[in-house]
Amino acid sequence: MSHDPKTSFQGLILTLHDYWAKHGCVILQPYDMEVGAGTFHPATTLRALGPKPWKAAYVQPSRRPTDGRYGESPNRLQHYYQYQVLLKPSPPSLQDLYLGSLDAIGIDPKLHDIRFVEDDWESPTLGAWGLGWEVWCDGMEVSQFTYFQQVCGFPCQPASGELTYGLERIAMYVQGVDDVYDLNFNGGTGADRMSYGDVFKQSEREYSRWNFDVADTQILFRHFEDAEAECQCILAAEPVDPKKGQAIVMAHPAYDQCIKASHAFNLLDARGVISVTERQSYILRVRTLAKACGEAFLATEWGGGPAEK
Amino acid sequence: MPDLLFELFSEEIPARMQRKAAGDLRKLVTDALVDAGLTYEGAREYWTPRRLVLDLRGLTSASKDVREERKGPRTDAPVKAIEGFLRGAGLSSIDEAETREDPKKGSFYVATIVKPGRPAADILADILPSIIENFPWPKSMRWGATSSEAGSLKWVRPLQSILCTFGPETEEPEVVDFAVGGVAASNITQGHRFHAAGDIAVKRFADYAEKLERAHVVLDAERRKDMIRTDAQNLAFAKGLELVSDEGLLEEVANLVEWPVPLIGAFQQSYLDLPDEVIRLTIKENQKCFVLRKAEGLSNSFLLVANIEASDGGKEIIAGNEKVVNARLADADFFWGTDRQQIATEGFDPWIEKLDAVTFHAKLGSQGARVRRIESLAAKLAETVEAGAALAARAAKLAKADLNSQMVYEFPELQGFMGARYAQIAGENAAVAAAIEEHYSPLGPTDDVPTGPVSVAVALADKFDLLAGFWAIDQKPTGSKDPYALRRAALGIIRIVLENKLSLPLIPAVKAAYDQVHRDAFGQDVTAEIRDGGLADDLLGFFHDRLKVYLRDQGARHDLLDAVIDERADDLLAIAGRVKALGEFLDTEDGKNLLAGTRRAANILAAEEKKGTTIAVTVNADLFEVEAESQLQAAIAKAEKGVSDHVTEGRYDLAIPFIAALRAPVDRFFDDVLVNAEDEAVRANRLALLQSIGGVTAKVADFSCIA
């Protein structure tokens, strides 16, 4: 099957993998939890903290329940893919590296109008912010380009560069189709052709119904409370393994619970059951968890704390 | 004399920040050079998305020597004192100092210290790094490996290179030797990101600008704007269309490109059925494109400005932009359809009910409660503004309903506007629809003010409720902090009242607003003590402050404002009328003389009061000795009546001539009458007469405040 991004969705992903692997990234797999954006992957959130150099690239399925359209909108999806690259510290030629990746997937900057338009990124729930741009290709936002300044409430020392590609949009662009469901997924032709619609249209319909009408908000509220409690409990535990006496800070397990709480909040917010005032307090609760997780991570070996034996 | 060329080249600077940053750069550099003792002939700044540039001409090549004399001790002073003087002045022996004689002090030492001038290049190398390090960006960031070091360089986006050449026109300029954050100054710049590859070495401004132009960079933002304007108009004209000019958008777009290439695209004809405002917003705000007009209205073409001369002439760029605009309009069309469907089947009620579930402010209850307050207040105000109470209440009830429409959820800027469209569809009264749209106005100091009576009633009610609410829970603006835009709300009321010439006493309106908001906020009626004993007065004072700022901006004299506004003045129109009438009067000969006369009277009275001189309680005509006295008394009595009659009507313009008539008798009084008569009773009587002048003028203004 083809690896050409112009003829297949998976070709686009494979080309980006290939490109970033050549530039020294570890190619990771999606994180096995529901998230709203690729930034939540611990390979970005946690690894952006601490002094150690780190380069990673991965695809992250991302869920935005309010964007569900029952499979009927040509460009809105409640589940879609982000391609995420994190480079720590940000290399001096990050813009050129990024443009090189566009070239690799067939976007020629002499033919297309590529623009860096101011867009400062902030995630109130993660206590994170950075400066950067939305990258426009012929008026369409194709990527988010951010120099992280703070994550989990802690300054990024050194600063990382984060690139997020909206894969479906880019694929529609390079394949020249107007409806996301018409994307060629596998590059096959004739009977072998699998479209994005073949892969996802049915599930989009199912999730739209569930998100809008069926998801039980009481259960979601409970999930939020449980995850919050569990996160706090993990972090409160003695940072030493009682069996071997070895020092182990459980930053990652605690952060998983923070992700869960954050996602439950997103779902509740999408259902419109959180009032404006309550909203602030939920955001603050998630941020408090994120901050505690960041603090824990900074005490671990990869966070720049003492090496574990 | 040598010229300086200074370029700070970085990754893309936000469009809105460039102009100010370039101006700041010029000011910071020229100020620092002047402080260091240099002069220059001219300086001009330039900017593009990737560079801030300073072209500074005719800089003096070195600062002058500075000689400074330092006085020392007497020649017969102890050795220790003399040694200290030598150390302080940097002399190696006392022979280098000069001896001077002073008739009183005797002979003493003087040292002349010479601070030698410095070459301009050295001064530049000194001052430029700290200007870069402390540059006033609204937001700045760290990047790269050095960002982990405390105190590492911050810039708006990563700073890539610094170009800094200095030298006379006739010679090869030198590179000023300095480095900041690991970036060393050089004579190298870069051209357009996609049209020119590689380093470009430059000497001075002329060849810099020329080489950049060849490298597809138009340095001057004004020229980029002109290019866009001209090309855009020509392109539009060729298609029989007209460009809807938009200076704000033009400024932004010109700062998103180094090489502007306008192109025309089109969206699906059928989307023209959407409200124009929706199309405009999508194209302008989201896509930074210009809308185009044809004779009968908006066209489905739009104008975009690319940053490259594409190898296919722009076909792909146009196709890409069309796709995005179509997708966005498709979304808008979907929301527009859903909303209209809901209005047709269920009307506004579901949206209004939903307002109860939205918190307006934790202490002030829901959006629904606020709407109910605005509703009853609008009905009360309706009478004053000659609107029907039922219409005003209906408009207020619907005013915020569109916040729950899909369209406003997606385009928050369209609040009010969409509500009005939906009201039209629902067959509401035209005045109600207009009021829904206009009740947020005026938003800025130059924004249009609503004029229809129903719109005015709802707009006023909305703002009175807002102000009374935040005053009730003590969240008034402080300093630069005004998170609920309460100053804007007060200014809005002021402009609505003045521009519509409404006689609307503020105190009753404010109290009515308090009564209801207090009930909602605290669950009980406000006590008269709280309401009248401070809150209303305090808010009135806030209105006075905003009114002063507003009228001063309109050119009114601040002393006249002080002269006219007293603590209880709550009729904005009357205050403005008084200030105007008084200002005009004081510009006349009569006004100037009368002011001089009242001042003279006040001075005499103040001086006599100080001395403890008796002033009669009333004026006694029997004690008059000169005709001017009785004439003045008669004039005052006449003025008193005329002024009182008109002031009660609020007609200060008509009251003023009565004050003006006092001028001649007051002048004659001072010419003919000696206030300080020998007879104590006569003197006390004359002082009383003087005092009564102030009594009349005070009805129009406090003349003692007038400068």
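These notebook entries record what I looked up in a predicted model.

**Entry 1: helix contact in chain A**

I began with helix α1 (residues 9-22) of chain A and helix α3 (residues 94-104) of chain A, whose axes come within 10 Å and cross at roughly 145°. I noted the crossing of α1(A) and α3(A) as right-handed. I then listed the residues in contact: α1(A) contributes T15(A), L16(A), Y19(A) and W20(A), while α3(A) contributes D96(A), L97(A), Y98(A), G100(A), S101(A) and A104(A). By class, I recorded 6 nonpolar, 3 polar and 1 charged among the residues of this contact.

**Entry 2: helix α1 of chain B**

I turned to helix α1 (residues 15-35) of chain B, which has 21 residues. From first C-alpha to last it reaches 31 Å, close to the 30 Å expected at 1.5 Å a residue. I looked up which residues of α1(B) are buried; among them are M17(B), Q18(B), D24(B), L25(B), V29(B) and L33(B). Just after α1(B), I found G37(B) with a positive phi of about 90°.

**Entry 3: nonpolar cores**

I next examined the largest nonpolar core, which has 236 residues. The residues with the most contacts inside this core are W20(A), F6(B), F178(B), L460(B), F464(B) and L582(B). Helix α15 (residues 453-472) of chain B supplies the largest share of this core, 14 residues. For L582(B), leaving aside residues up to four places away in sequence, I listed contacts with L560(B), A563(B), V564(B), I656(B), V700(B), A701(B), F703(B) and I706(B). I also noted a second, separate core of 45 residues, including F148(A), I259(A), I283(A) and V286(A).

Note on methods
Residues numbered from 1 in each chain as written. Chains lettered and ligands numbered in written order. Predicted model: local features only at pLDDT ≥ 70, side-chain atom pairs only at ≥ 80, totals over all residues. Heavy atoms only, no water. Axes fitted to C-alpha atoms, helices over the stretch in contact; angles between N-to-C directions. Helix = DSSP H or I, 4+ residues; strand = E, 2+ residues; numbered from the N terminus. Left-handed = near helix turned anticlockwise from the far one by under 90°. Contact = heavy atoms within 4.5 Å. Nonpolar A, V, L, I, M, F, W, Y, C, P; charged D, E, K, R; others polar. Expected span 1.5 Å × (residues − 1). Buried < 20%, exposed > 50% of the residue type's maximum accessible area, 1.4 Å probe, protein only. Core = buried A, V, L, I, M, F, W, Y, C linked by side-chain atoms within 4.5 Å.
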